[in-house]
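Subject: Structure for your review

Dear colleague,

Please find below the structure that I am handing over to you. My notes on it follow.

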Amino acid sequence: MSSVRYPWPIMLSVLWGAHIQAADSAVKSPSVESFSKLYQSVKINPEHREMALIPSSEFSMGCDPYRDEVCSYVPEEQQHKVYVSAFKIDKYEVTTNKYAECVNAGECDIPTAGGLMHYGDPEAGNFPINGVSWYQAKKYCEWEGKRLPTSAEWELAARGTDGRTFPWGDEKADCTRAVMDRENAGFLGCGTGNSLNVGSKPKGASPYGVMDMAGNLWEWTSDWYDEHYYFNSAYDNPKGPSHGELKITRGGDFLSRQSYELRTTGRFPYYPSNPSPAIGFRCVFDDVAEVK
Amino acid sequence: MAINMWIALGTVSVAQALYGDVQHREMVNIPAGEFIMGCKASDGVYCSPGSDVHKVHLDAYKIDKYLVTFERYQACIDDGYCTEPYYGAACNYKMKWSAKHPANCITFKQAEMICAYEGKRLPTEAEWAKAARGPKANLFPWGNAPEPSCDRVVMNQRVDGNKIGPGCGAGTTLEVGSKVKGASHYGVMDMAGNVFEWTSDWYSETYFNKSPYKNPKGPATGSAKVLRGSAWTAKYRDGLALTVRWPYAPAGQGYVVGARCAQSLN
């Protein structure tokens with residue numbers, strides 16, 4: 001697989017200030033400087049650095065046909081047992097402010113911005129960062145001394161071991177528990193037209209207290225996607241196929257209209273170098289003893 | 001089997017036979033001639049990489065007046081020629097209101113297939129640019145002023161008391177051709193806003209420094225295709241100008257990515 005990353009820093013302008021509205025006013029090109037000014041004294045909510053411990057567990061990964069009527073439509077979510085060793089996972093999706101820290105440190109690329117990709121938007125500091133390619137997400141996690149979760153780790157952190165369909169249980173998803181749209185559209189981000197601050201739906205927490213595992217943004221995982229993988233997956237800490245074209249993203253987004261799109265077993269394959277307003281990420285850490 | 005037979009007979013569509021004419025397939029003629037392509041600082045918008053100003057001559061061609069709709073796309077699926085687009089989340093396939101909305105969440109291959117099915121092809125980046133910007137190289141389909149707004153573009157703006165901005169309050173795309181005042185010089189609709197459009201060119205940031213004057217077709221190879229246009233998510237003029245170009249890998253299937261087809265005249 002090519003690991004092409006698009007360097008273009010600041011696609012599609014952002015200049016989120018209003019100064020580009022007047023037709024006759026001079027328009028400056030968006031620049032690295034305009035972003036670094038916005039983020040120069042970025043303040044991170046300390047909560048947003050918290051991680052949750054996920055103990056070593058065996059669990060049934062995939063769709064449970066006795067609990068979820070959607071399973072017959074998604075045979076590729078074939079239920080199978082896996083064992084996942086203990087790890088810690090970010091309690092929150094990586095925020096725009098946190099990502100900006102890494103940019104400030106000179107380690108991370110500026111994400112793609114514009115439209116609903118909100119890097120550079122002063123109101124989006126505590127939104128989950130979006131517009132990041134898989135490569136950019138991976139780089140951020142490595143900068144923090146962490147890594148992207150495997151798809152199996154992600155699913156365990158989202159639903160625990162009791163076979164529930166959603167992070168909170170089996171009740172259908174709606175805006176009391178998840179940042180999403182509604183059935184016929186027109187209500188994306190629970191009526192805000194955007195993603196929301198991370199952790200804004202505490203009732204939607206997973207059994208381990210992990211937030212936004214349903215809705216807000218899809219999240220990159222380290223696994224390649226193969227629709228046949230669940231039929232011959234490894235039992236012990238599966239890491240996905242050895243190669244592929246698309247990476248697995250998990251968890252649904254603020255544009256999801258149907259409850260079933262936010263099932264913890266759902267997977268959305270996406271091309272790793274393509275940015276999206278709907279995809280962000282969180283990181284995991286292996287050395288359980290060292291993380292507080 | 002019946003479906004294969006229809007293809008063998010060369011008919012356009014089972015759906016057409018069963019349900020009547022599929023709309024929005026009409027094309028407009030773009031006359032042969034020279035035009036100016038690219039973006040410069042004095043244009044007053046952010047210039048995407050690889051858009052140096054240069055002259056291009058194109059032979060006459062036709063381009064779809066409208067973006068490919070789900071109705072058009074469905075006819076192709078029904079004939080067994082096109083594969084289903086992604087659905088879920090902001091992908092509008094299978095939404096009961098989306099028949100006349102632009103097909104989104106389609107890969108490059110799917111965009112090529114729907115065009116081929118209609119006896120057309122994807123436009124080159126140069127063809128897209130000329131059809132959008134007209135002989136005066138407009139920044140927006142209607143000219144350089146007024147500024148983009150929901151009067152002319154399906155974009156991200158709170159209007160008429162709407163609670164949300166994306167899609168002029170719809171939170172998604174709108175029907176193709178719904179912004180009549182946003183037509184281009186040649187009468188092409190939705191060249192700004194609604195959804196981005198696949199072109200047949202591979203993406204390069206240097207190609208147009210040295211591209212052929214006549215009918216440039218982009219670099220021979222690459223890892224991403226060029227998207228042109230803009231989408232219902234864009235708020236600002238920089239993101240809606242007709243000079244915007246994006247790299248997007250052909251396997252991508254974004255919420256904001258659709259297609260329009262072109263055809264050579266010969």
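Two strands are said to pair if DSSP finds at least two bridges between them. The model is a predicted one, and in chain B it contains an open sheet of 4 strands with mixed pairing, in the order S7-S6-S5-S8. S7 and strand S8 (257-258) of chain B are the edge strands, each pairing on one side only. Strands S6(B) and S7(B) run antiparallel and are joined by 4 bridges. Within S7(B), Trp246(B) is the bridge partner of Leu227(B). Helix H5 (residues 125-133) of chain B packs on this sheet, where it touches S5 and S6 of chain B. The direction of H5 makes about 140 degrees with that of S5(B).

Just after H4(B), Gly119(B) adopts a positive phi of about 75 degrees.

Finally, the two chains meet: 38 residues of chain B are in contact with 39 residues of chain A. On the side of chain B that touches chain A, helix H6 (237-240) and strand S7 (245-248) of chain B are the elements that give two or more residues. The residues of that side comprise 22 nonpolar, 12 polar and 4 charged.

Yours sincerely

Technical notes: Residues numbered from 1 in each chain as written. Chains lettered and ligands numbered in written order. Predicted model: local features only at pLDDT ≥ 70, side-chain atom pairs only at ≥ 80, totals over all residues. Contact = placed C-beta atoms within 7 Å. Nonpolar A, V, L, I, M, F, W, Y, C, P; charged D, E, K, R; others polar. Axes fitted to C-alpha atoms, helices over the stretch in contact; angles between N-to-C directions.
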